[in-house]
Amino acid sequence: MPKCTIDGKEVEFTPGENLIKVAKRAGVEIPVFCYHPGLTVVAQCRMCYVEVEKMPKLQTACSTNAAEGMVVKTQSDPVVKGRAGTMEFLLLNHPLDCPICDKSGECDLQDNSYGFGSAEMRHSEERRTYVDVDMGPVIEKNMNRCIHCTRCIRFGDEIAGIHEMVAIQRGNNIDITTIDGDPLKTEYAGNYADICPTGSLTLRDFRFRKRAWMLKKTPTICEGCSKGCNMEIHHEGNVAYRCIPRENMEVNKYWMCDEGRFNYHYTQNETRIIAPRSGDTTIAWDQAIQILKDKIDGKKPTFLVGSDLTQEELTTIQEYVSAYHSGSSVYHFGTEGVFTTADDAPADKILKMKSKTSNLNGAEKLGIKPISEMKSSSEVVLVIRGGRADLAPALSHVKGKKLVGIGVFLEKEISSFSLVLPGLAFTEKDGTIVNHQGKEQKIKRALLPKNTQKALSEVLMLTANKKAKAGAL
């Protein structure tokens, strides 16, 4: 492979790679603002200046490809002075908002100002200010903080596939806004906040809720559809505050949709059932287990399992049925009109899939039949779900039956159930899901469940153990 030298380190590279990528692989971090690996290169912020031997001027690393024998310096005096000059210009009109800005603590401008800027400012004139437009329910705009990197414009044009962000005026008066001041239309608007290097575009949902440096980050998988986008849950004090995409070039690259980003809210909904219920009455676990035993002991109940459950949960159900209810039928459900992987398909040209559960492929791989093949059911039906699977296709097949729910349910969803046993949501458990590509991925527990909720394996164990004592529950 060809080689170049960066700050005295000899580095191999693939032809066509720019100096930012090559330097990063060598452990040399080059500061950037406008550059993003998922977007086209525009080289307009000038923050990534480097010195290249035999070239008369400083070069932008984002738009300069590595070449055989190239010698690059990222810390020479001209480079240091060039970056400091860039930072001075970028901060001319930037407000001192760090104490109240949601981006504080994870802000590229803040980090690069500290690392490459000056502690002094020569500018003393009045700063430029803007009146901001309403960009809709997802993004809060503060143009006073903008540094004109145009990442947002390029994301809309190149990734979201909708030309809705534009730059109007020129020079110092430039304004990054939506066309005609309209609200954002894309279903991927949250990514504007992710890629903004300052606090100019932030999530309304996260606004003033928690400081970034206080949050713990748990890598996991989105359960919003069969794509299985990689993401992080940011949480503190056993409360989830936001979800952001995690890079996986084979699945979702750098992005995620708004539906998946905000899906976690139902797990913290005030109407979520978190204690066993018999009809409208909250009961203890030992009583709930006894009621469940009385309903199913010696019988062959039908099991309807959501394709939002993990492989481990689905396997546990199969083993339980085989051991204690041999002959009972097990069917999976999840999305109206999408019963098998053959029914699944892209819902748009970006990431979304038609299946609105994450483990449809996994359920099929375990040999569980779709609910569309169910001709009839027994008198007692156990509906087991992780919280995302749509109840409508399941309940339409079992009208008039005695229903028992195990898993995650909201108050409005349990009117048809005689008994509900609360389980764990995707934020509260570990497990494996198989996405539409057949790729196995791991979800990780970010939050601890309430002590009145139990894992599915524990519920089935207690049900199987007829000698379980109330004190052990």
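Strand 3 (residues 49-52) pairs with strand 4 in the antiparallel sense over 2 bridges; two strands pair if DSSP finds at least two bridges between them. Across that pairing, Val50 stands opposite Gln59 in strand 4. Helices (H or I, at least four residues) and strands (E, at least two) are DSSP runs, numbered from the N terminus.

Before I go on, a word on the model. It is a predicted one, in which local features need pLDDT of at least 70 and side-chain atom pairs count only at pLDDT 80 or more, while totals for chains, interfaces and linings use all residues. Residues are numbered from 1 along each chain as its sequence is written, and side-chain values use heavy atoms, with hydrogens and water left out.

Next, strands 10 to 12. Strand 10 and strand 11 pair in the antiparallel sense over 6 bridges, and Thr220 stands opposite Met231 in strand 11. Another 6 bridges join strand 11 to strand 12 (residues 239-245), again antiparallel, with Ala240 in strand 12 as the bridge partner of His235. Strand 11 and strand 12 form a hairpin with 2 residues between them, and Gly237 in the turn has a positive phi of about 65°. Because 6 of its 7 residues are buried, strand 11 is largely enclosed by the rest of the structure. Buried means under 20% relative accessible area (1.4 Å probe, protein chains only).

The loop between strand 10 (216-221) and strand 11 (230-236) holds Ser226. Is Ser226 buried or exposed? It is buried, at a relative accessible area of 2%. Its side chain makes a polar contact with the side chain of Asp344 (2.5 Å). A polar contact is a pair of N or O atoms within 3.5 Å; within protein, one must be able to donate a hydrogen and the other to accept it, and residues adjacent in sequence count only if both atoms are side-chain atoms. Leaving aside neighbours within four places in sequence, Ser226 is in contact (heavy atoms within 4.5 Å) with residues including Asp344, Met353 and His436.

Methods. Buried < 20%, exposed > 50% of the residue type's maximum accessible area, 1.4 Å probe, protein only.
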